[in-house]
Amino acid sequence: MSKNDFIKNLKKALEGSVSTNEVEAQINYYNDYIESEKRKGISEDEVIESLGDPRLIAKTIIDTNGNFSDNYVYESNSSNYREENSKFKSSKFKINTWYAKIIGIIVLILIVVLMIAVGGLIGYVLLRFAIPIIIIVLFLALFRRR
């Protein structure tokens with residue numbers, strides 16, 4: 001696969017799933033990365049092979065899009081991201097992510113453990129105090145009738 005094919009496939013996979021600024025930033029980044037590796041003496045084919053499938057890269061970018069907001073633009077000359085404006089843009093918590101599912105499972109386990117602990121405390125109180133008191137009251141009621 002050539003660099004142009006790689007970039008074209010990456011762009012096609014990203015378009016419609018992330019912002020236009022993000023698509024441009026990623027295209028510029030991978031373009032610059034391939035060129036910088038070629039300047040190091042690595043062939044274009046080897047660089048592209050080491051990067052892997054552009055569709056998989058695009059999926060990773062789309063899944064982590066909360067980490068890349070529209071406030072950042074890739075500058076090809078300085079090889080880094082710069083802030084486009086000073087407004088802070090927070091990412092939303094997505095429930096369908098792996099970390100949200102793990103947090104949900106942990107919360108569920110904590111609720112079950114808490115219920116067992118409270119149930120155990122109630123059972124302990126009943127065994128130690130309430131049941132003997134009930135037995136004494138029943139004996140007293142039995143002997144009063146006679």
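## Overall architecture

The protein chain contains 5 helices and 2 strands. Read from the N terminus, its elements follow the order α-α-α-α-β-β-α.

Of the 146 residues in the protein chain, 19% are buried.

## Confidence in the model

The protein chain has a mean pLDDT of 78, and 77% of its residues reach 70 or more. Confidence is highest in helix 2 (residues 20-39), with a mean of 91. It is lowest in strand 2 (residues 80-83), where the mean is 47.

Where pLDDT is low, the predicted coordinates should not be read in detail.

## Packing of helix 1 and helix 2

Helix 1 and helix 2 pack at an angle of about 160°, and their axes are 10 Å apart. Angles over 145 degrees count as roughly antiparallel, and helix 1 and helix 2 are therefore roughly antiparallel to each other. The crossing of helix 1 past helix 2 is right-handed.

On the side of helix 1, the contact involves K3, F6, I7, L10, K11 and L14. Helix 2 contributes V23, Q26, I27, Y30, N31, I34 and E35.

## Packing of helix 2 and helix 3

Helix 2 also packs against helix 3, at an angle of about 130° and with the axes 9 Å apart. These two helices are therefore oblique to each other. Helix 2 passes helix 3 in a crossing that is right-handed.

The residues of helix 2 in this contact are Y30, Y33, I34, E37 and K38, while those of helix 3 are E44, V47, I48 and L51. Y30 and I34 of helix 2 take part here, and both are also in the contact with helix 1.

## Packing of helix 1 and helix 4

Between helix 1 and helix 4 the packing angle is about 35°, and the axes lie 8 Å apart. This crossing, too, is right-handed. From helix 1, the residues F6, N9, L10, A13 and L14 meet P54, R55, I57, A58, I61 and I62 of helix 4.

## The nonpolar core

The largest nonpolar core is made of 15 residues. Those with the most contacts inside it are F6, L10, L14, Y30, I34, L51 and I57. At least two residues of this core come from each of helix 1 (3-14), helix 2, helix 3 (44-51) and helix 4 (54-63).

L10 shows how the helices meet. Apart from neighbours within four places in sequence, L10 is in contact with Q26, I27, Y30, P54, I57 and A58. Among these partners, Q26, I27 and Y30 also belong to the contact of helix 2 with helix 1, whereas P54, I57 and A58 belong to the contact of helix 4 with helix 1.

## A closer look at Q26

Q26 and I57 stand 31 residues apart in sequence, and their C-alpha atoms are 10.0 Å apart in space. Both residues are in contact with L10.

How values were computed. Residues are numbered from 1 along each chain as its sequence is written. This is a predicted model: local features need pLDDT of at least 70, side-chain atom pairs count only at pLDDT 80 or more; totals for chains, interfaces and linings use all residues. Side-chain values use heavy atoms; hydrogens and water are left out. pLDDT is the predictor's confidence in each residue, from 0 to 100. Helices (H or I, at least four residues) and strands (E, at least two) are DSSP runs, numbered from the N terminus. A nonpolar core is a set of buried Ala, Val, Leu, Ile, Met, Phe, Trp, Tyr and Cys residues joined through side-chain atoms within 4.5 Å. Buried means under 20% relative accessible area, exposed over 50%, partly exposed in between (1.4 Å probe, protein chains only). Contact means heavy atoms within 4.5 Å. Axes are lines fitted to C-alpha atoms, for helices over the stretch in contact, and angles run from 0 to 180 degrees between N-to-C directions. Angles under 35 degrees count as roughly parallel, over 145 as roughly antiparallel, 65 to 115 as roughly perpendicular and the rest as oblique. A crossing is left-handed if the near helix is turned anticlockwise from the far one by less than a right angle, and right-handed if clockwise.
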